[in-house]
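Open the model in your viewer and keep the selection panel at hand.

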Amino acid sequence: FDRLFLLLKMQIEYFTGDTKTAPELYVPINNNYYSGKFLKKSEISSMENYLWLFTKHWPVIYEVYDSNNEYSLNIIGETFVYENVKAKYKMLLKQKDEAIDSYNYVKALFVMQTELKNHYIFKSKINFNNEIEFFYNNKKIEYSKLPDFITEEYAVLSSQKENFKLDYEKKNEELKELKAQVRGKEKEYLEKQKQIATFLECKKTFLGKVKYYFKKKKEKVETLEEQEELTQEEQVNSLEEKAKKYYTIEDLVLLHYYIDKEEKKLKDADMDISAQKEKLVSLSSKVKNANTYISEIESHKKSIFEFWRFASKDETKLLEAGEDSKKEDNKKIKKVFDFKMDFEQMGIAADTIQETSLTKEELDSVYLANIDVLDTLNNMSNIEQLYSNLKNKQDSKPSIDNIFGSISDNSSGFIGNKKHREVKKDKFKILEFTRNTTLEELKEKLEDVSKNLKSACNKIKSLYDMNIYAFSKEPKSKEYTKYSMNVQELFAKTAINSNTLDLYKISIKENMPLVYFSNLAFYDNYNKTLPKGMNLSEDVLLDNSMYEFELKNEIQFVTNMYNEKCEKPINVTVHEYDVKLKK
């Protein structure tokens with residue numbers, strides 16, 4: 001609206017005679033028909049769809065004429081460059097060939113990612129010219145090198161195809177052998193069952209017992225070779241290949257489809273082999289139990305009288321079933337922390353835990369760790385600067401300010417749209433800092449604050465596995481570090497003046513010690529009206545001295561949305577750490 005009113009103002013000035021120049025304003029027009037000089041309307045629409053797949057934001061495409069009536073195609077949009085961190089990009093296409101190449105380039109990546117979504121995921125980034133670029137496995141994919149990329153991928157898949165074929169043949173042979181062993185065990189077990197069933201039937205009558213006793217003491221178990229053979233038809237739709245210098249996306253897609261089919265056959269064969277092995281173990285156990293049972297019967301056939309007593313028992317040793325070789329996997333499934341979905345409930349839970357677990361002194365110390373006192377806690381050589389700053393602020397405060405102490409009037413505030421009647425914490429009161437406080441007294445107080453923070457960090461644990469972020473020096477170089485759970489908000493609220501930036505990402509596991517900057521860290525809840533949650537901060541505090549840090553990865557990306565005035569892109573280096581507790 002400010003542009004509209006500017007134009008109206010200029011029009012009024014022109015028509016009232018205050019200016020002699022007619023006002024002009026260049027603006028993009030929505031729903032205007034595209035001229036089709038570079039790309040057709042359908043191609044422009046497709047381009048928007050293609051770019052959305054990679055960026056998850058709809059781009060805006062303009063046909064622009066400059067002051068010299070020179071035509072160009074401008075594509076402007078936003079993209080995620082690292083997790084929830086965004087950047088703006090612009091594609092300026094001044095030639096028709098350039099526009100067609102860009103269209104074909106994005107279309108080729110789109111086709112590969114949609115047709116082969118389990119194999120190719122292209123990540124979008126921007127460079128220092130604010131142009132969008134695409135990467136696969138951290139390797140930049142350029143349009144001019146796309147044929148080489150496809151050919152290289154085809155060559156790798158071709159070797160995989162041969163390996164899959166050999167692996168399947170081996171597994172098929174193993175499966176046939178296992179099935180033959182299973183059939184043999186089944187036949188042997190059936191013979192044993194038949195012998196045991198005969199004994200159980202004969203023991204019911206006098207003549208039956210005599211008849212069974214005078215049978216051959218040991219019957220030979222016949223083992224016959226099965227004549228029938230397992231046959232499994234293999235429909236191998238192998239691709240007829242001819243040597244090519246370059247392969248197309250269609251060739252790559254067809255080969256991937258074939259590889260996926262072969263891979264599925266391999267997985268099915270593995271499952272069949274596993275099932276046959278389990279069946280074989282179970283049958284072997286049953287045969288063993290049957291042999292034990294039959295041996296028990298035969299051992300009592302030394303004399304007719306002993307056999308008579310054994311066969312006349314009311315209960316005989318029962319035939320035990322085979323052991324089940326399957327073992328259930330009782331791995332605990334952990335919830336994955338999603339900031340947008342889980343932060344509100346987690347904040348309430350964290351605030352509730354800290355209300356019952358932390359003392360007032362510990363909560364006061366957590367509040368101090370959220371302000372400029374934290375740097376001094378990490379480096380006590382800065383205490384003189386802190387003392388000077390506190391002194392200047394204290395001298396500027398009227399002495400009447402603290403006359404009421406913690407008692408407030410009936411005025412109320414709001415947190416998260418909820419009304420409360422609580423007093424915000426005051427660092428001067430917590431530090432007991434007055435005009436007469438000495439440097440040594442401040443130092444002693446800060447030492448108490450540090451002890452309280454260590455105590456608090458030992459009491460509170462992380463509720464989830466989650467990632468936390470900070471713009472900082474290397475974490476292990478500081479005793480305490482404040483981290484944000486929301487990387488996008490961390491970028492948005494940080495005043496970034498440099499063109500280079502180090503971002504530290506720490507992967508925290510459930511039940512690891514930390515402290516939340518929940519609502520109780522900012523207010524004294526004397527009236528018990530403070531809303532529960534983390535409405536005032538999305539940060540946590542770590543005592544780095546409790547952890548061992550292991551660097552897992554380093555990633556670089558460029559963004560242009562978060563430095564002052566968004567004039568120059570920022571080169572961000574992400575240092576990703578895993579942590580474990582020190583022993």
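Angles under 35 degrees count as roughly parallel, over 145 as roughly antiparallel, 65 to 115 as roughly perpendicular and the rest as oblique. This is a predicted model, in which local features need pLDDT of at least 70, side-chain atom pairs count only at pLDDT 80 or more, and totals for chains, interfaces and linings use all residues. Residues are numbered from 1 along each chain as its sequence is written, and side-chain values use heavy atoms, without hydrogens and water.

Select helix α2 (residues 41–55) and helix α3 (residues 96–115). Helices are DSSP runs (H or I, at least four residues), numbered from the N terminus. The axes of α2 and α3 are 9 Å apart, at an angle of about 50°, so the two are oblique to each other. Axes are lines fitted to C-alpha atoms over the stretch in contact, with angles from 0 to 180 degrees between N-to-C directions.

Next, show the side chains where α2 and α3 touch (contact means heavy atoms within 4.5 Å). Among them are M47, Y50 and F54 of α2 and Y103, V106 and F110 of α3.

A108, V111, M112 and E115 in α3 meet I249, L252, V253 and Y257 in α6.

Finally, select A155 in helix α4 (residues 146–202). A155 and L252 are 97 residues apart in sequence, and their C-alpha atoms are 9.6 Å apart in space. Is A155 buried, partly exposed or exposed? Its relative accessibility is 47%, so A155 counts as partly exposed (buried is under 20% relative accessible area, exposed over 50%, partly exposed in between, with a 1.4 Å probe and protein chains only).
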